[in-house]
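Me: I would like to learn how to read a protein model with care. Could you take me through it one feature at a time?

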Amino acid sequence: MELNEFKAKLKSKSIAGAYLFVGEEEYLKRYYLNELRNACDIDEAFDAFNHAVFDSTVADRAAVLEAISSPPMMSDYKLVEWRYAKIGTGRGEITKEALAELAKAASDTGYTVFTVMISDEDFDLGTEKRPSKALTALSKDFAVLRFDKSTDAQLMSWIKRHFDTVGIEISRSAAEEMILRVGHSMDNLKGEIDKLTALLFAREKRRLEVDEVREVCSTNIESDAFALQNALSERNKKLAFTALSD
C-alpha cells in the first residue's frame with residue numbers, strides 16, 4: 001500500500017482490516033501506528049474492551065485470534081496491535097501462514113483494525129522493487145506499509161520542519177552536517193534536534209549553523225544489515241564491494 005493511500009484511509013476513517021508495518025525506520029513505523037490508533041477514536045472508558053496490545057516478539061496465537069474476533073463495545077472499531085512480531089518456526093514464533101490467517105480473520109469482521117509491526121533484522125524484506133517471497137506472500141492478506149531509510153533530501157526537509165515548528169532557522173550546510181555526523185536514523189536525529197533546540201534557546205539564538213552541530217551532535221557509524229544481499233540481488237558490483245568493505 002502506498003503511503004498516500006494509507007493517509008486517505010486515515011482521513012476517511014475507513015480503516016478496518018489488517019496492516020503490516022515493516023522496514024528499518026522505526027520512528028516512522030511508530031508515528032503512523034499512532035496515527036492509526038488516533039483514527040480508531042477509542043473512548044478511554046472502553047479501552048480495555050476495544051484496544052488489545054501484544055508487545056513482544058512472540059504472542060499466544062489463540063489470544064490474538066480471540067482479541068481479533070470479539071466485537072467492540074460502544075465503538076465502530078476495535079484495535080489489535082502486535083508490536084515487534086517475529087516470524088519464523090522457532091518456539092513461540094509465528095509462521096507467515098498463521099499470521100495470514102489472523103489477517104483474514106480481522107478482515108472478515110469488518111470492525112477490527114489488526115496491526116503487526118515487524119522489527120526483526122532476520123526477516124528478509126528484499127528491495128522495494130523486488131520484495132522477498134515472504135513479504136509478497138503476506139501482502140496478499142495485509143496492507144503492507146514499508147518504511148525504508150529516508151533519502152538525504154527527505155531527511156533534510158524533515159529536519160527543517162522540526163526546527164520550523166519551534167521558530168529556529170537551519171542552514172542547508174547545518175542540515176547536511178547533521179546527517180553526515182548522526183546518520184539516517186530518525187530516532188537518532190530527533191534526539192539531536194532536541195539537544196540543538198535546547199542549546200539555541202539557552203543562547204537566545206534562532207539560527208542553527210554548522211558550528212553548533214559539530215559542538216553538540218554525537219557521531220554514529222551506520223551499517224545496512226542487508227546491503228550486501230541487496231547489492232547482489234541487483235547485480236550492482238560497486239555497491240556490493242562497498243557493503244563488503246563496511
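Me: How many disulfides does the structure hold?

Reply: A disulfide is a pair of cysteine sulfur atoms within 2.5 Å, and the structure holds zero of them. Please keep in mind that this is a predicted model, in which local features need pLDDT of at least 70, side-chain atom pairs count only at pLDDT 80 or more, and totals for chains, interfaces and linings use all residues. Residues are numbered from 1 along each chain as its sequence is written, and side-chain values use heavy atoms, with hydrogens and water left out.

Me: Is cysteine 40 buried or exposed?

Reply: Buried means under 20% relative accessible area, exposed over 50%, and partly exposed in between, using a 1.4 Å probe and protein chains only. Cysteine 40 has a relative accessible area of 4% and is therefore buried, and cysteine 217, at 4% relative accessibility, counts as buried too.

Me: Where is threonine 197 placed?

Reply: Helices (H or I, at least four residues) and strands (E, at least two) are DSSP runs, numbered from the N terminus. Threonine 197 sits in helix α9, which covers residues 186–202, and threonine 197 counts as buried because its relative accessibility is 11%.

Me: Which residues does threonine 197 touch?

Reply: Contact means heavy atoms within 4.5 Å. Leaving aside residues up to four places away in sequence, threonine 197 touches Phe163, Val166 and Ile168.

Me: What can be said of the whole protein?

Reply: The protein has 12 helices and seven strands, and buried residues make up 43% of its 246 residues.
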